Amino acid sequence: MRGAPTILHLDMDAFYASAEQAAKPSLRGKPVIVGGLGPRGVVATASYEARVFGVHSAMAMGQARRLCPNAAFLIPRFALYRKVSDVVMTLLHTLSPLVEPLSLDEAFVDLEAGGTEPTVEAARAVAERLRADIRAATGLTGSVGLAGSKMLAKIGSEQAKPDGLVVIEPGTERELLGPMSVRTLPGVGPATAETLRRAGIHTVAETREAGEAELVRLLGRAHGGSLFLMAEGRDERPVVAERDAKSISVEDTFDVDLTDRTRVQLEIARLADRCVRRLREAGRSGRTVVIKVRRYDFSTLTRSETLRGPTDDPAVVREAAARLIDGVETTAGVRLLGVGVSGLADFTQEDLFAQAAQAAEAAQAAQAAEAVQPAQAAHEALGDAGRPPGPERPEPVREGAGEASEDAEKPRRWLPGSDVRHTEYGAGWVQGSGVGRVTVRFEEPWSPPGRVRTFPVDDPALQPADPLPLLRPDAEAEAEAEGAGGPDGPTPGAGGPEPGRGPGQPVTSRP
């Protein structure tokens with residue numbers, strides 16, 4: 001552990017919820033809860049306005065609704081969150097080549113590796129400039145901890161929340177850590193904490209006083225030894241740049257257990273397509289296909305198949321996943337399905353055998369089609385409508401948008417928080433839907449709170465839309481600035497946030 005506070009930990013404040021408040025002017029300053037909205041959903045993020053009611057991440061959504069019934073409950077919009085995250089991570093890379101992302105909204109930075117002078121003043125100046133840059137570029141706030149180690153920097157950012165900066169100066173580590181709960185230390189989960197509690201150890205100071213030998217006796221050599229060092233305020237872990245993902249996967253939890261075998265197969269095919277899209281977005285391929293099945297009784301199993309070479313072919317991954325699910329008994333009920341690809345590589349090796357098999361199947365299908373009776377042909381055509389989309393067809397949006405085109409006769413399903421666009425009223429977002437109606441609030445991130453209108457769920461003028469940026473695009477902002485001095489003057493309420501200021505609460509800074 002180096003003495004100077006040159007390890008920076010950034011943690012965006014209530015990231016998903018803050019992004020939703022920035023995107024939806026009518027929700028600013030109000031409780032917002034983002035997560036799965038079904039009976040088995042969990043909270044992904046709660047705004048600070050919702051946290052005062054006791055809502056927190058990983059809480060069951062049903063409990064969150066009981067604690068804060070007047071909150072806005074929204075589905076996650078990961079496309080938006082990833083775009084904002086990319087902007088933030090780009091800013092971090094301007095500070096140092098050593099940036100270790102932990103998630104979309106959290107990362108460590110080794111400032112010394114980027115040339116920052118190893119002094120408190122220099123590190124503080126860099127951190128303050130970073131916070132201002134993040135606000136100017138995204139409209140959101142982040143909290144920063146500065147210390148001589150990763151552990152202390154993360155503790156600092158937690159103390160800085162929301163929208164603050166905490167610098168843990170050399171020599172103050174033991175005094176700071178002493179009264180904190182032992183759960184503050186990395187690697188101390190519920191089981192370890194319970195073991196320590198039974199031994200009368202509750203705080204970091206008590207952990208340190210117990211001594212290394214006692215901790216080793218209680219927890220084993222590796223865990224006990226590392227825990228003692230951290231209780232002393234010593235953390236030698238380096239910032240590791242470019243963490244290489246070992247796998248890429250997607251999964252869905254279903255509100256009602258799936259028992260129909262055909263439905264399970266269709267869901268696996270759809271998940272395989274989603275997984276390949278993520279694989280291609282990352283510029284990767286993989287050679288091992290993995291499925292995950294969680295049954296009605298919460299028992300979970302995985303099955304895998306290793307291909308002859310890396311692939312990013314959706315047909316190959318779909319076929320492998322289908323073979324794997326065929327070997328799993330699912331008729332008793334399935335609550336979760338997942339598909340993943342591991343053994344990642346930066347190149348692909350065409351699976352010629354799979355392609356040959358596809359060609360053979362196509363030829364057999366053509367021959368069969370010529371031989372079937374008209375009624376049978378019609379039946380098969382209807383069956384084809386239920387097949388999952390192929391690689392060249394976009395995946396139907398499950399949350400917030402209409403069903404796939406093949407289900408056009410069914411009323412479209414809109415979920416709260418999803419983006420829409422109306423041919424007359426423009427961009428908006430779904431507030432809720434039911435009994436054949438959908439309620440939409442029409443507003444943009446840079447507009448005043450918008451009006452609410454209600455439509456039939458199958459109104460052709462209302463369509464799913466991509467998320468808008470959180471800040472007004474430069475070209476539009478410049479055009480409006482030029483028009484503001486015209487004979488009619490500026491349009492009331494049309495301006496975006498002030499430069500360097502986000503749509504949320506005023507900036508607060510902590511020493």
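This is a friendly conversation about a predicted model of a protein chain.

Trainee: What makes T45 count as buried rather than exposed?

Mentor: Buried means under 20% relative accessible area. T45 has a relative accessible area of 8%, so T45 is buried. You will find T45 in strand β3, residues 43–46.

Trainee: Which residues does T45 touch, leaving aside those up to four places away in sequence?

Mentor: Among them are A14, F15, Y16 and A17, along with V32, I33 and V34. R51 and S57 also touch T45.

Trainee: Why is F298 called exposed?

Mentor: The cut-off for exposed is over 50% relative accessible area. F298 has 55%, so F298 is exposed. The place of F298 is the loop between β10 (285–295) and β11 (300–311). Its phi is near 75 degrees, a positive value in a residue other than glycine.

Trainee: And what makes V435 buried or exposed?

Mentor: V435 has a relative accessible area of 85%, so V435 is exposed. V435 lies in the loop between β14 (426–434) and β15 (437–442). Although V435 is not a glycine, its phi is positive, at about 45 degrees.

Trainee: Let's turn to helices. How do α4 and α5 cross?

Mentor: Helix α4 (residues 78–93) and helix α5 (residues 120–138) have axes that come within 10 Å and cross at roughly 150 degrees. Angles over 145 degrees count as roughly antiparallel, so α4 is roughly antiparallel to α5. The crossing of these two helices, α4 and α5, is right-handed.

Trainee: Which residues of α4 and α5 meet there?

Mentor: From α4 come V84, V87, V88, L91 and L92, and they meet L130, D133, I134, A137 and T138 of α5. By class, this contact of α4 with α5 has 8 nonpolar, 1 polar and 1 charged residues.

Trainee: What about α10 and α11: why is their angle called oblique?

Mentor: The axes of α10 (residues 212–219) and α11 (residues 221–231) come within 7 Å and cross at roughly 140 degrees. Roughly antiparallel needs over 145 degrees, and roughly perpendicular covers 65 to 115. α10 passes α11 in a right-handed crossing. In α10, E212, L215, V216 and L219 meet residues of α11 including R221, H223 and F228.

Trainee: How many residues has the largest nonpolar core?

Mentor: That core has 39 residues, and those with the most contacts inside it are L8, L10, L92, L111, L140, L146 and L470. Its largest share, 7 residues, comes from α4. Another core, of 28 residues, lies apart from it, with V289, V317, A321 and V334 among its members.

Trainee: What does L92 touch, not counting residues up to four places away in sequence?

Mentor: L92 touches L10, V99, A107, V109 and L130.

Trainee: One last item: which peptide bond is cis, with omega near -5 degrees?

Mentor: That is the bond from K161 to P162. P162 is found in the loop between α6 (150–160) and β8 (165–167).

Terms used:
Residues numbered from 1 in each chain as written. Predicted model: local features only at pLDDT ≥ 70, side-chain atom pairs only at ≥ 80, totals over all residues. Heavy atoms only, no water. Axes fitted to C-alpha atoms, helices over the stretch in contact; angles between N-to-C directions. Helix = DSSP H or I, 4+ residues; strand = E, 2+ residues; numbered from the N terminus. Parallel < 35°, antiparallel > 145°, perpendicular 65-115°, else oblique. Left-handed = near helix turned anticlockwise from the far one by under 90°. Contact = heavy atoms within 4.5 Å. Nonpolar A, V, L, I, M, F, W, Y, C, P; charged D, E, K, R; others polar. Buried < 20%, exposed > 50% of the residue type's maximum accessible area, 1.4 Å probe, protein only. Core = buried A, V, L, I, M, F, W, Y, C linked by side-chain atoms within 4.5 Å.
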